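Student: Can you walk me through this one? I'd like to start with the surface terms.

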Amino acid sequence: MLFEFFSPVKIIAGDNAIFSLPVQLKALNVINPIIVSDDGVKKSNLLKFVFKALKEGGITNLTVFDDIPPETSTTSIKKAKELFQSKNCDGIIAVGGGSVIDSAKALNMLISSNKNELDDLAGANNLEHDTLPFIVIPTTAGTGSEVTTVAVIFDEKQNRKVALADEKILPDAAIIDPVMTMTMPKKLTASSGIDALSHAIEAYISIATNPISRVFATTSISLILDNLIDSIQKQDKTHRFNMALASTLAGIAFSNAMVGINHSLAHATGSVLHIPHGIAVGVYLVESLRYMENSIKSELEQLSVYTQKGYTNQGFIDMIDSFLEKVSQLSGVSFRLKDYLKDENLIDKIAELAVIDGSSIFSKIEFTRDVAVEIIKNSLKR
(Lines give C-alpha, C1' and ligand atoms only; values in the text may rest on other atoms or scores of the structure.)
Protein backbone atom coordinates (compact mmCIF):
# COMPACT_ATOMS: atom_id res chain seq x y z
CA MET A 1 0.00 0.00 0.00
CA LEU A 2 1.19 3.50 -0.88
CA PHE A 3 -0.59 6.54 0.54
CA GLU A 4 -0.14 10.12 1.64
CA PHE A 5 -1.53 11.77 4.77
CA PHE A 6 -1.49 15.53 5.12
CA SER A 7 -2.92 17.55 8.01
CA PRO A 8 -0.89 20.68 8.75
CA VAL A 9 -3.59 22.78 10.45
CA LYS A 10 -2.69 23.75 13.99
CA ILE A 11 -5.57 22.80 16.30
CA ILE A 12 -6.18 24.57 19.60
CA ALA A 13 -9.05 22.82 21.38
CA GLY A 14 -10.82 22.92 24.72
CA ASP A 15 -12.36 25.32 27.23
CA ASN A 16 -11.26 28.93 26.69
CA ALA A 17 -9.35 28.01 23.53
CA ILE A 18 -10.82 31.17 22.01
CA PHE A 19 -8.46 33.29 24.12
CA SER A 20 -5.49 31.92 22.20
CA LEU A 21 -6.66 33.92 19.16
CA PRO A 22 -4.40 36.96 19.69
CA VAL A 23 -1.37 34.70 20.12
CA GLN A 24 -2.15 32.92 16.86
CA LEU A 25 -2.59 36.24 15.03
CA LYS A 26 0.67 37.56 16.40
CA ALA A 27 2.49 34.43 15.19
CA LEU A 28 1.10 35.15 11.72
CA ASN A 29 1.99 38.88 11.90
CA VAL A 30 -1.67 39.90 11.53
CA ILE A 31 -2.71 43.24 13.03
CA ASN A 32 -5.74 44.19 10.93
CA PRO A 33 -7.89 41.09 10.32
CA ILE A 34 -11.29 40.86 8.69
CA ILE A 35 -13.80 38.75 10.61
CA VAL A 36 -16.05 36.81 8.23
CA SER A 37 -19.32 35.62 9.73
CA ASP A 38 -23.08 35.47 9.21
CA ASP A 39 -26.33 36.76 10.66
CA GLY A 40 -26.91 33.64 12.73
CA VAL A 41 -23.61 34.03 14.55
CA LYS A 42 -24.31 37.73 15.02
CA LYS A 43 -27.77 37.10 16.49
CA SER A 44 -26.41 34.37 18.75
CA ASN A 45 -24.01 36.98 20.18
CA LEU A 46 -21.06 34.64 19.66
CA LEU A 47 -18.83 37.35 18.27
CA LYS A 48 -18.61 38.83 21.77
CA PHE A 49 -16.20 36.03 22.71
CA VAL A 50 -14.05 36.83 19.69
CA PHE A 51 -14.09 40.56 20.41
CA LYS A 52 -13.23 39.96 24.06
CA ALA A 53 -10.31 37.72 23.17
CA LEU A 54 -8.99 40.22 20.63
CA LYS A 55 -9.40 43.15 23.01
CA GLU A 56 -7.50 41.33 25.76
CA GLY A 57 -4.77 40.70 23.20
CA GLY A 58 -4.57 44.38 22.29
CA ILE A 59 -6.19 44.05 18.85
CA THR A 60 -8.88 46.71 18.49
CA ASN A 61 -8.80 47.57 14.79
CA LEU A 62 -11.56 45.23 13.61
CA THR A 63 -13.40 44.85 10.31
CA VAL A 64 -16.48 42.61 10.29
CA PHE A 65 -18.29 41.18 7.29
CA ASP A 66 -21.35 39.27 8.54
CA ASP A 67 -23.36 39.01 5.33
CA ILE A 68 -22.59 35.38 4.42
CA PRO A 69 -25.89 33.64 3.52
CA PRO A 70 -26.89 30.17 4.80
CA GLU A 71 -25.85 28.81 1.41
CA THR A 72 -22.52 30.11 0.17
CA SER A 73 -22.74 32.80 -2.47
CA THR A 74 -20.32 34.17 -5.05
CA THR A 75 -21.97 37.59 -4.67
CA SER A 76 -21.35 37.83 -0.93
CA ILE A 77 -17.73 36.73 -1.36
CA LYS A 78 -17.11 39.51 -3.87
CA LYS A 79 -18.59 42.02 -1.40
CA ALA A 80 -16.30 40.70 1.33
CA LYS A 81 -13.34 41.10 -1.01
CA GLU A 82 -14.23 44.76 -1.61
CA LEU A 83 -14.45 45.42 2.14
CA PHE A 84 -11.16 43.59 2.81
CA GLN A 85 -9.35 45.71 0.24
CA SER A 86 -10.95 49.00 1.26
CA LYS A 87 -9.88 48.45 4.89
CA ASN A 88 -6.38 47.23 3.97
CA CYS A 89 -6.83 44.05 5.97
CA ASP A 90 -3.96 41.60 6.31
CA GLY A 91 -5.60 38.37 7.46
CA ILE A 92 -8.88 36.49 7.72
CA ILE A 93 -10.76 35.09 10.72
CA ALA A 94 -13.75 32.91 9.88
CA VAL A 95 -16.33 32.58 12.67
CA GLY A 96 -19.20 30.31 11.73
CA GLY A 97 -20.26 27.05 10.18
CA GLY A 98 -19.50 25.46 6.84
CA SER A 99 -20.89 28.25 4.67
CA VAL A 100 -18.86 30.89 6.48
CA ILE A 101 -15.65 28.84 6.46
CA ASP A 102 -16.00 27.87 2.79
CA SER A 103 -16.76 31.49 1.92
CA ALA A 104 -13.67 32.64 3.80
CA LYS A 105 -11.58 30.09 1.90
CA ALA A 106 -12.96 31.36 -1.40
CA LEU A 107 -12.34 34.96 -0.29
CA ASN A 108 -8.75 34.05 0.49
CA MET A 109 -8.37 32.50 -2.96
CA LEU A 110 -9.83 35.49 -4.78
CA ILE A 111 -7.66 38.01 -2.96
CA SER A 112 -4.48 35.94 -3.18
CA SER A 113 -4.91 35.21 -6.88
CA ASN A 114 -6.10 38.73 -7.72
CA LYS A 115 -8.95 37.22 -9.73
CA ASN A 116 -12.57 38.36 -9.86
CA GLU A 117 -14.35 35.10 -10.67
CA LEU A 118 -14.23 31.86 -8.68
CA ASP A 119 -14.82 29.93 -11.88
CA ASP A 120 -11.26 30.84 -12.82
CA LEU A 121 -10.09 28.88 -9.76
CA ALA A 122 -12.54 25.98 -9.93
CA GLY A 123 -11.14 22.49 -9.72
CA ALA A 124 -7.97 21.45 -7.95
CA ASN A 125 -4.66 23.17 -7.28
CA ASN A 126 -5.18 26.25 -9.44
CA LEU A 127 -3.65 28.72 -6.98
CA GLU A 128 -0.26 29.99 -8.07
CA HIS A 129 0.44 32.19 -5.04
CA ASP A 130 0.46 31.67 -1.28
CA THR A 131 -2.67 32.68 0.57
CA LEU A 132 -3.25 35.17 3.38
CA PRO A 133 -3.02 34.27 7.08
CA PHE A 134 -6.22 32.45 7.95
CA ILE A 135 -7.75 31.33 11.26
CA VAL A 136 -11.02 29.44 11.64
CA ILE A 137 -13.32 29.34 14.66
CA PRO A 138 -16.16 26.85 14.01
CA THR A 139 -19.58 27.52 15.54
CA THR A 140 -21.12 24.27 14.29
CA ALA A 141 -20.01 20.66 14.58
CA GLY A 142 -20.32 18.95 11.24
CA THR A 143 -18.57 20.27 8.17
CA GLY A 144 -14.98 19.78 9.29
CA SER A 145 -14.17 22.60 6.89
CA GLU A 146 -11.64 23.98 9.38
CA VAL A 147 -9.22 21.20 8.39
CA THR A 148 -10.09 20.48 4.75
CA THR A 149 -8.58 21.54 1.46
CA VAL A 150 -11.93 22.08 -0.24
CA ALA A 151 -14.67 24.68 -0.45
CA VAL A 152 -18.01 24.43 -2.23
CA ILE A 153 -19.58 27.72 -3.33
CA PHE A 154 -23.01 28.30 -4.87
CA ASP A 155 -22.91 30.29 -8.08
CA GLU A 156 -26.25 32.10 -8.39
CA LYS A 157 -25.81 32.99 -12.05
CA GLN A 158 -25.19 29.40 -13.15
CA ASN A 159 -27.41 27.84 -10.48
CA ARG A 160 -24.77 25.30 -9.57
CA LYS A 161 -22.10 24.66 -6.97
CA VAL A 162 -18.46 25.42 -7.73
CA ALA A 163 -15.90 23.14 -6.10
CA LEU A 164 -12.53 24.58 -5.12
CA ALA A 165 -9.67 22.43 -3.87
CA ASP A 166 -6.15 23.43 -2.95
CA GLU A 167 -3.80 22.71 -0.06
CA LYS A 168 -3.05 26.43 0.07
CA ILE A 169 -6.55 27.22 1.38
CA LEU A 170 -6.07 25.21 4.55
CA PRO A 171 -6.33 27.45 7.61
CA ASP A 172 -3.18 28.18 9.57
CA ALA A 173 -5.04 27.39 12.78
CA ALA A 174 -8.43 26.10 13.93
CA ILE A 175 -9.72 27.08 17.35
CA ILE A 176 -12.20 24.53 18.74
CA ASP A 177 -13.93 25.95 21.81
CA PRO A 178 -17.21 24.38 23.05
CA VAL A 179 -18.55 27.79 24.03
CA MET A 180 -18.81 28.63 20.33
CA THR A 181 -21.22 25.74 19.64
CA MET A 182 -23.43 26.10 22.71
CA THR A 183 -26.07 28.19 20.94
CA MET A 184 -26.62 25.75 18.07
CA PRO A 185 -30.35 24.97 17.83
CA LYS A 186 -31.52 21.35 17.78
CA LYS A 187 -32.06 21.18 14.03
CA LEU A 188 -28.63 22.54 13.19
CA THR A 189 -27.01 20.31 15.81
CA ALA A 190 -28.69 17.31 14.20
CA SER A 191 -28.03 18.08 10.54
CA SER A 192 -24.42 19.12 11.08
CA GLY A 193 -23.80 16.03 13.22
CA ILE A 194 -25.12 13.75 10.48
CA ASP A 195 -22.90 15.54 7.97
CA ALA A 196 -19.88 14.68 10.14
CA LEU A 197 -21.07 11.08 10.47
CA SER A 198 -21.30 10.77 6.69
CA HIS A 199 -17.84 12.30 6.26
CA ALA A 200 -16.35 9.71 8.58
CA ILE A 201 -18.18 6.70 7.13
CA GLU A 202 -17.48 7.69 3.53
CA ALA A 203 -13.82 8.35 4.32
CA TYR A 204 -13.56 4.85 5.78
CA ILE A 205 -15.06 3.09 2.74
CA SER A 206 -13.41 5.27 0.07
CA ILE A 207 -10.96 3.79 -2.41
CA ALA A 208 -8.49 6.41 -1.17
CA THR A 209 -8.77 5.40 2.48
CA ASN A 210 -5.62 4.59 4.44
CA PRO A 211 -4.74 3.31 7.93
CA ILE A 212 -4.20 6.79 9.39
CA SER A 213 -7.36 8.36 7.99
CA ARG A 214 -9.30 5.33 9.25
CA VAL A 215 -8.17 5.99 12.83
CA PHE A 216 -9.59 9.50 12.59
CA ALA A 217 -12.78 8.20 10.93
CA THR A 218 -13.55 5.48 13.47
CA THR A 219 -12.84 7.77 16.42
CA SER A 220 -15.18 10.33 14.90
CA ILE A 221 -17.97 7.79 14.30
CA SER A 222 -17.76 6.56 17.89
CA LEU A 223 -17.87 10.09 19.28
CA ILE A 224 -20.90 10.94 17.15
CA LEU A 225 -22.83 7.81 18.06
CA ASP A 226 -22.08 8.45 21.74
CA ASN A 227 -22.66 12.22 21.86
CA LEU A 228 -25.01 13.53 19.15
CA ILE A 229 -28.23 12.47 20.88
CA ASP A 230 -27.16 14.15 24.14
CA SER A 231 -26.01 17.23 22.24
CA ILE A 232 -29.51 17.60 20.79
CA GLN A 233 -31.19 17.12 24.14
CA LYS A 234 -28.82 19.19 26.30
CA GLN A 235 -26.69 22.30 26.12
CA ASP A 236 -23.85 20.46 27.77
CA LYS A 237 -20.23 21.52 27.17
CA THR A 238 -18.84 18.00 27.30
CA HIS A 239 -21.12 16.60 24.62
CA ARG A 240 -20.85 19.74 22.50
CA PHE A 241 -17.05 19.62 22.66
CA ASN A 242 -17.03 15.93 21.76
CA MET A 243 -19.18 16.66 18.72
CA ALA A 244 -16.94 19.56 17.69
CA LEU A 245 -13.94 17.28 18.04
CA ALA A 246 -15.71 14.53 16.06
CA SER A 247 -16.38 17.00 13.26
CA THR A 248 -12.72 18.01 13.09
CA LEU A 249 -11.56 14.37 13.15
CA ALA A 250 -13.98 13.49 10.34
CA GLY A 251 -12.73 16.52 8.41
CA ILE A 252 -9.14 15.31 8.67
CA ALA A 253 -10.24 11.81 7.62
CA PHE A 254 -12.11 12.84 4.50
CA SER A 255 -9.65 15.53 3.56
CA ASN A 256 -7.16 12.70 3.09
CA ALA A 257 -9.47 9.87 1.95
CA MET A 258 -12.28 11.90 0.33
CA VAL A 259 -16.01 11.11 0.37
CA GLY A 260 -18.14 9.27 -2.20
CA ILE A 261 -21.50 8.86 -3.88
CA ASN A 262 -23.54 9.93 -0.85
CA HIS A 263 -21.96 13.35 -1.00
CA SER A 264 -22.28 13.44 -4.79
CA LEU A 265 -26.03 12.94 -4.42
CA ALA A 266 -26.19 15.47 -1.60
CA HIS A 267 -24.34 18.14 -3.57
CA ALA A 268 -26.65 17.64 -6.55
CA THR A 269 -29.78 17.65 -4.41
CA GLY A 270 -28.66 20.79 -2.62
CA SER A 271 -28.21 22.54 -5.94
CA VAL A 272 -31.62 21.51 -7.25
CA LEU A 273 -33.79 21.63 -4.13
CA HIS A 274 -31.78 24.18 -2.09
CA ILE A 275 -31.99 22.19 1.12
CA PRO A 276 -29.25 22.36 3.80
CA HIS A 277 -26.26 20.16 3.06
CA GLY A 278 -26.48 18.19 6.32
CA ILE A 279 -30.06 17.22 5.52
CA ALA A 280 -29.21 16.34 1.91
CA VAL A 281 -26.44 14.07 3.18
CA GLY A 282 -28.77 12.39 5.65
CA VAL A 283 -31.53 11.57 3.17
CA TYR A 284 -29.23 9.34 1.08
CA LEU A 285 -26.86 7.88 3.66
CA VAL A 286 -28.68 4.62 4.36
CA GLU A 287 -29.65 3.81 0.77
CA SER A 288 -26.17 4.69 -0.51
CA LEU A 289 -24.69 2.21 1.96
CA ARG A 290 -27.29 -0.43 1.11
CA TYR A 291 -26.56 -0.11 -2.61
CA MET A 292 -22.82 -0.50 -2.02
CA GLU A 293 -23.16 -3.21 0.61
CA ASN A 294 -21.74 -6.09 -1.42
CA SER A 295 -18.68 -4.01 -2.31
CA ILE A 296 -17.96 -2.82 1.24
CA LYS A 297 -18.81 -5.85 3.39
CA SER A 298 -15.42 -6.05 5.07
CA GLU A 299 -15.39 -2.31 5.79
CA LEU A 300 -18.83 -2.47 7.39
CA GLU A 301 -17.77 -5.44 9.51
CA GLN A 302 -14.68 -3.52 10.63
CA LEU A 303 -16.75 -0.46 11.48
CA SER A 304 -18.98 -2.62 13.63
CA VAL A 305 -15.94 -3.73 15.63
CA TYR A 306 -14.12 -0.39 15.81
CA THR A 307 -17.18 1.53 16.92
CA GLN A 308 -17.85 -1.20 19.48
CA LYS A 309 -21.48 -1.56 18.53
CA GLY A 310 -21.26 -5.28 17.76
CA TYR A 311 -23.26 -5.24 14.52
CA THR A 312 -22.80 -7.35 11.42
CA ASN A 313 -22.47 -5.58 8.08
CA GLN A 314 -26.23 -5.45 7.46
CA GLY A 315 -26.79 -4.70 11.13
CA PHE A 316 -24.44 -1.74 10.98
CA ILE A 317 -26.52 -0.14 8.23
CA ASP A 318 -29.71 -0.84 10.18
CA MET A 319 -28.10 0.75 13.22
CA ILE A 320 -27.30 3.90 11.24
CA ASP A 321 -30.89 3.89 9.97
CA SER A 322 -32.24 3.66 13.54
CA PHE A 323 -29.79 6.35 14.68
CA LEU A 324 -30.99 8.71 11.95
CA GLU A 325 -34.59 8.09 12.96
CA LYS A 326 -33.87 8.87 16.61
CA VAL A 327 -31.97 12.03 15.69
CA SER A 328 -34.91 13.05 13.51
CA GLN A 329 -37.47 12.47 16.27
CA LEU A 330 -35.52 14.46 18.85
CA SER A 331 -34.56 17.36 16.59
CA GLY A 332 -37.54 17.73 14.30
CA VAL A 333 -35.32 17.37 11.22
CA SER A 334 -36.65 15.02 8.55
CA PHE A 335 -34.12 12.84 6.75
CA ARG A 336 -36.84 11.54 4.40
CA LEU A 337 -36.32 12.59 0.79
CA LYS A 338 -40.08 12.50 0.14
CA ASP A 339 -40.46 15.53 2.43
CA TYR A 340 -38.30 17.62 0.08
CA LEU A 341 -38.56 16.13 -3.42
CA LYS A 342 -42.18 16.73 -4.47
CA ASP A 343 -41.63 16.69 -8.22
CA GLU A 344 -40.25 13.34 -9.41
CA ASN A 345 -39.44 14.91 -12.76
CA LEU A 346 -36.41 16.40 -10.97
CA ILE A 347 -34.89 12.97 -10.32
CA ASP A 348 -33.11 12.91 -13.67
CA LYS A 349 -31.69 16.38 -13.12
CA ILE A 350 -30.35 15.43 -9.69
CA ALA A 351 -28.87 12.21 -11.08
CA GLU A 352 -27.17 14.01 -13.96
CA LEU A 353 -25.52 16.48 -11.58
CA ALA A 354 -24.56 13.75 -9.12
CA VAL A 355 -22.62 11.62 -11.60
CA ILE A 356 -20.42 14.53 -12.65
CA ASP A 357 -19.68 15.49 -9.04
CA GLY A 358 -16.01 14.90 -8.22
CA SER A 359 -16.72 12.93 -5.05
CA SER A 360 -18.13 9.99 -7.01
CA ILE A 361 -14.74 8.89 -8.36
CA PHE A 362 -13.70 7.75 -4.87
CA SER A 363 -16.48 5.20 -4.62
CA LYS A 364 -15.88 1.45 -4.84
CA ILE A 365 -18.76 1.10 -7.31
CA GLU A 366 -19.23 2.56 -10.76
CA PHE A 367 -21.53 5.52 -10.25
CA THR A 368 -23.66 5.84 -13.36
CA ARG A 369 -26.81 7.82 -14.00
CA ASP A 370 -28.89 4.64 -13.60
CA VAL A 371 -27.27 3.92 -10.22
CA ALA A 372 -27.96 7.47 -9.07
CA VAL A 373 -31.60 7.23 -10.15
CA GLU A 374 -32.03 3.92 -8.32
CA ILE A 375 -30.61 5.28 -5.06
CA ILE A 376 -32.77 8.38 -5.33
CA LYS A 377 -35.90 6.30 -5.93
CA ASN A 378 -35.01 3.94 -3.07
CA SER A 379 -34.53 6.94 -0.80
CA LEU A 380 -37.95 8.27 -1.79
CA LYS A 381 -39.55 5.04 -0.52
CA ARG A 382 -38.16 5.47 2.97
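Tutor: Buried means under 20% relative accessible area, exposed over 50%, and partly exposed in between (1.4 Å probe, protein chains only). By that scale Asp15, at 53% relative accessibility, counts as exposed. This is a predicted model: local features need pLDDT of at least 70, side-chain atom pairs count only at pLDDT 80 or more, and totals for chains, interfaces and linings use all residues. Residues are numbered from 1 along each chain as its sequence is written, and side-chain values use heavy atoms, with hydrogens and water left out.

Student: What does Asp15 form a salt bridge with?

Tutor: Lys237, with the closest N and O atoms 3.9 Å apart. A salt bridge is a side-chain nitrogen of Lys or Arg within 4 Å of a carboxyl oxygen of Asp or Glu.

Student: Where do Lys237 and Asp15 lie?

Tutor: Lys237 is in helix H8 (residues 237-257), and Asp15 is in the loop between strand S1 (10-13) and helix H1 (21-27), so the pair ties together parts 222 residues apart in sequence. Helices (H or I, at least four residues) and strands (E, at least two) are DSSP runs, numbered from the N terminus.

Student: Is Lys237 buried, exposed or partly exposed?

Tutor: Partly exposed, at 41% relative accessibility.

Student: How about Glu299: which residue forms a salt bridge with it?

Tutor: Lys364, at 2.3 Å between the closest N and O atoms. Glu299 is in helix H11 (residues 297-306). Glu299 is buried, at 4% relative accessible area, while Lys364 is partly exposed at 37%.

Student: Switching topic. How many salt bridges does the structure hold?

Tutor: The structure holds 15.
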